[in-house]
Amino acid sequence: MTAIKRSWRRSGALVAVATAGVFGVGLAAGPAQAHTPVWSVTCTEVQIDLTQYNSQVENTVSVTVDGKDLLPTETFKKEFHKKLELPKHSSELSVRLVVKAGDGDNFSRDETKKAPVCEDSTPTPPATPTPPATPTPSATPTPSDTPTTATPTPSSSTSSAEVPPSAKPSSPSGDLAETGSSSTTPLIAGAAAAVIVAGGGIMWAARKRRSAQH
């Protein structure tokens, strides 16, 4: 009977030790599984959800994009939730999340994800060809710009064709200027002189005949 009791006592002690060991392992493993760092990256934003962290210590989180701070280091206790907008980009971005747990480095995280380039759902219309430039018509000359035709000024000496004919032709011998007498005056004077001479001759002949008769 005593041996049976001793056997039960030993069995109970072993069960208690095993139970305590399992419970202790469970307690140790619980915190490791409780830390839940969840985060996602799209072409436009970063979503961070950190839950079930140790509220008795200080935990920190930071986010960088291509080495530049997107989220400067912030502290949190049990949970941390935040949505960060990414800058516009034409090439893939490298996004790094760093979480430091205050209750052990084995609960910390240092992970990097890529942010793809957003695809524009609206199709880009084809470029419209630019029509050739229309030449600008030249400005219509104003009256002041219109060339004027100079009216020839009659020169002091006109050509022979332009000189009006004189009333009387000029004398080729260069007679003196007219004094009012006709051009036939010399002929009349000559004829009168001849008559006078002839008359004188007749009178002389008549006297000589008379003297011869006496």
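Let's start with Ile48, which touches Val38, Trp39, Val63, Leu71, Phe80, His81, Lys82, Leu84 and Leu97, leaving aside residues up to four places away in sequence. Contact here means heavy atoms within 4.5 Å. Before I go on, this is a predicted model, where local features need pLDDT of at least 70, side-chain atom pairs count only at pLDDT 80 or more, and totals for chains, interfaces and linings use all residues. Residues are numbered from 1 along each chain as its sequence is written, and side-chain values use heavy atoms, with hydrogens and water left out.

So what does Ile48 belong to? Together with Val46, Leu50, Val61 and Val95, Ile48 is among the residues with the most contacts inside the largest nonpolar core, which has 21 residues. Buried means under 20% relative accessible area, exposed means over 50%, and partly exposed is in between, using a 1.4 Å probe and protein chains only. Strands and helices are DSSP runs numbered from the N terminus: E, at least two residues, for strands, and H or I, at least four, for helices. As background, nonpolar side chains tend to be buried together in soluble globular proteins.

Now the sheet. There's an open sheet of 4 strands in the order S4-S3-S6-S7, with antiparallel pairing. Two strands count as paired if DSSP finds at least two bridges between them. At the edges sit strand S4 (68-76) and S7, each pairing on one side only. From one strand to the next the twist averages 10°; for angles like that, axes are lines fitted to C-alpha atoms, for helices over the stretch in contact, and the angles run from 0 to 180 degrees between N-to-C directions. Inside the sheet, strand S3 (residues 59-65) and strand S6 (residues 93-100) run antiparallel and are joined by 6 bridges. If you want one to click on, Val63 has Leu97 as its bridge partner in S6.

While you're on S3, have a look at Ser62, which lies in that strand. Is Ser62 buried or exposed? At 17% relative accessibility, Ser62 counts as buried. Its contacts, again skipping residues up to four places away in sequence, are Leu71, Pro72, Thr73, Arg96, Leu97 and Val98.

Next, the aromatics. How many aromatic pairs does a search of the whole structure find? The search gives 2. The rule is that rings of Phe, Tyr and Trp (its six-membered ring) pair if their centres lie within 6.5 Å; planes under 30 degrees apart are stacked, over 60 edge-to-face, and the rest tilted. Tyr53 and Phe76 have ring centres 5.4 Å apart and planes at 75°, so that pair is edge-to-face. This pair links distant parts of the chain, with Tyr53 in the loop between S2 and S3 and Phe76 in strand S4, 23 residues apart. Phe76 and Phe80 have centres 5.7 Å apart and planes at 50°, so this one is tilted. Ring pairs link Tyr53, Phe76 and Phe80 into a cluster. Tyr53 is buried, Phe76 is buried at 5% relative accessible area, and Phe80 is buried at 8%.

Gln52 has a positive phi of about 60° although it is not a glycine. Gln52 lies in the loop between S2 and S3 and is partly exposed at 44%. Asp66, also not a glycine, has a positive phi near 50°; Asp66 is in the loop between S3 and S4 and is partly exposed at 47%.

Last stop, the cysteines. Taking a disulfide as a pair of cysteine sulfur atoms within 2.5 Å, the count is 1. The disulfide joins Cys43 to Cys118, S to S 2.0 Å, and the link is right-handed, with 100° about the S-S bond. Cys43 lies in the loop between strand S1 (36-41) and strand S2 (45-51), and Cys118 in the loop between strand S7 (109-115) and helix H2 (185-213), so the pair ties together parts 75 residues apart in sequence. Cys43 is partly exposed at 22%, and Cys118 is partly exposed at 35%.

How values were computed:
A nonpolar core is a set of buried Ala, Val, Leu, Ile, Met, Phe, Trp, Tyr and Cys residues joined through side-chain atoms within 4.5 Å.
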